[in-house]
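Please read the briefing below alongside the sequence and the coordinates.

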There are 2 protein chains.
Amino acid sequence: MAKKIGVLLSGCGVKDGSEIHEAVITILALDRGGAEIKFIAPDKSQMHVVNHKTGEVTGEVRNVLTESARIARGEIDDIADVKADDLDGLILPGGFGAAKNLVDFAVKGAACTIHPEVDRLINDMVKGGKVIGVMCIAPAVLARAMKGKKQVQLTIGNDKDTAAALEAMGAKHVACKVDGIVVDKDNKIASTPAYMLGPSIKNVAEGIEKLVAKVIELA
Amino acid sequence: MAKKIGVLLSGCGVKDGSEIHEAVITILALDRGGAEIKFIAPDKSQMHVVNHKTGEVTGEVRNVLTESARIARGEIDDIADVKADDLDGLILPGGFGAAKNLVDFAVKGAACTIHPEVDRLINDMVKGGKVIGVMCIAPAVLARAMKGKKQVQLTIGNDKDTAAALEAMGAKHVACKVDGIVVDKDNKIASTPAYMLGPSIKNVAEGIEKLVAKVIELA
């Protein structure tokens with residue numbers, strides 16, 4: 001039986017949604033690893049729409065689920081309809097969308113709030129002993145979901161301020177290079193810095209491919 | 001010296017822009033192959049904006065260059081500012097955007113028109129003996145650019161109607177499986193069916209990785 005791995009997206013584009021390269025490298029590695037992929041996103045408006053050429057916020061309104069469907073090629077479920085029982089594992093790509101649309105870490109830091117369905121699914125996965133993989137800034141989502149509940153080990157690379165914010169939410173940060181992963185064996189959590197470090201897509205891919213292999217192994 | 005390969009995008013999402021998986025697999029293979037990547041797109045409105053979850057045209061207006069910048073992570077040039085002399089090779093990922101925004105093949109078939117800057121750059125590349133790689137439906141763009149000028153050999157897989165439309169524009173179609181490439185040695189053109197056949201990202205990646213290796217070899 002193929003392992004069923006959820007990929008939780010947060011839009012489509014590094015500056016206001018899921019980091020596209022990270023998401024696609026994840027999907028390719030999952031498919032090559034024999035996993036079945038289930039795309040998931042919350043049905044809500046994005047915090048921002050950013051013109052990715054100029055970096056300016058445009059004032060447009062776009063929906064996280066609808067824009068995430070671009071990466072999923074159409075087949076994607078509202079997270080409200082997905083239970084931990086439906087999955088053997090869950091992966092969160094990064095991008096500002098993770099920190100803007102799944103939590104509001106991008107504007108509130110350690111005092112951030114989390115989307116209730118994202119909070120539910122992550123907590124149910126952890127309670128059920130199911131593996132979770134997070135990359136780039138997405139460890140902030142996991143740290144927020146576990147805040148006050150369980151200490152998890154995570155990496156976002158080596159950015160001191162971001163690491164401190166994760167630790168303020170109760171996580172333990174471990175520095176890591178872009179081609180490596182950090183594995184919290186007790187909690188079945190794997191993380192990799194991806195574009196928190198970069199610099200290039202080939203560097204990012206090395207860590208993500210290791211993370212996906214670990215997620216499939218532990219699923 | 002690294003080979004400088006242009007990646008000509010047409011938006012961000014299979015139904016109205018560049019096919020995201022094809023674009024990212026291309027970029028990753030170029031980076032791993034030691035090439036320097038130059039992202040390019042036309043500065044014009046998309047023919048359509050399609051809700052990728054429902055498949056419906058939304059009536060929104062989005063710009064091809066701006067949306068393509070999502071795949072490029074910001075660094076992308078207007079095709080009007082790019083000369084064949086700036087490049088050692090050029091690759092066109094597929095997606096409906098190629099057939100809607102670079103040409104209007106998606107609605108006019110063999111009678112399609114082509115964006116003047118796309119026409120100029122492709123013709124200058126071919127005249128200069130520089131390699132071009134096309135995948136999925138993007139061979140329709142190349143066939144239109146070469147219409148009445150030069151017969152090129154291309155594949156879009158095995159779809160008879162699409163192949164006939166390419167031949168009506170003067171190209172020679174060669175059937176090909178998703179994990180293969182067709183190489184027109186005389187004109188230094190490589191093509192692969194990608195998501196014209198699919199079905200899965202791992203299948204598509206096999207052909208694209210071969211295409212990128214061939215483009216770098218011939219650049």
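**Gln151(A) and its surroundings**

Leaving aside neighbours within four places in sequence, Gln151(A) is in contact (heavy atoms within 4.5 Å) with Gly170(A), Ala171(A), Lys172(A), Asp184(A) and Asn187(A). This is a predicted model, in which local features need pLDDT of at least 70, side-chain atom pairs count only at pLDDT 80 or more, and totals for chains, interfaces and linings use all residues. Residues are numbered from 1 along each chain as its sequence is written, chains are lettered from A and ligands numbered from 1 in the order in which they are written, and side-chain values use heavy atoms, with hydrogens and water left out.

- Gln151(A) sits in the loop between helix H6 (139-146) and strand S6 (153-154) of chain A; helices (H or I, at least four residues) and strands (E, at least two) are DSSP runs, numbered from the N terminus.
- Between the C-alpha atoms of Gln151(A) and Glu167(A), 16 residues apart along the chain, the separation is 9.3 Å.

**Chain A overall**

- Eight helices and nine strands are found in chain A.
- Along the principal axes, the C-alpha atoms of chain A fill a box of roughly 45 × 40 × 35 Å.
- Of the 219 residues in chain A, 61% are buried; buried means under 20% relative accessible area, exposed over 50%, and partly exposed in between (1.4 Å probe, protein chains only).
- Contacts in chain A between residues at least 6 apart in sequence include 69% that join residues at least 24 apart.
- Chain A has 28 positive and 29 negative side chains, with the centres of the two sets 3 Å apart. Lys and Arg count as positive and Asp and Glu as negative, while His and the chain ends are not counted. Each charge is placed at NZ of Lys, CZ of Arg, CG of Asp or CD of Glu.

**Core and buried elements**

- The largest nonpolar core has 74 residues, and Ile20(A) and Ile20(B) have the most contacts inside it. Such a core is a set of buried Ala, Val, Leu, Ile, Met, Phe, Trp, Tyr and Cys residues joined through side-chain atoms within 4.5 Å.
- Not counting residues up to four places away in sequence, Ile20(B) touches residues of both chains, among them Cys12(A), Ile20(A), Val24(A), Cys12(B) and Ile71(B).
- Helix H6 (residues 139-146) of chain B has eight of its eight residues buried, so it is largely enclosed by the rest of the structure. Gly148(B), which follows H6(B), has a positive phi near 75°.
- His115(A) is buried at 17% relative accessible area and lies in the loop between helix H4 (105-108) and helix H5 (116-127) of chain A.
- Residues touched by His115(A), not counting those up to four places away in sequence, are Pro42(A), Lys44(A), Ile79(A), Asn101(A) and Leu102(A).

**Backbone features**

- The peptide bond from Gly198(A) to Pro199(A) is cis, with omega near 0°; Pro199(A) is in the loop between strand S9 (189-192) and helix H8 (201-218) of chain A.
- In chain B, a cis peptide bond joins Gly198(B) and Pro199(B), with omega about 0°.
- Arg73(A), not a glycine, has a positive phi of about 55° and is partly exposed, with a relative accessible area of 29%.
- Lys188(A), not a glycine, has a positive phi of about 50° and counts as partly exposed at 25% relative accessibility.
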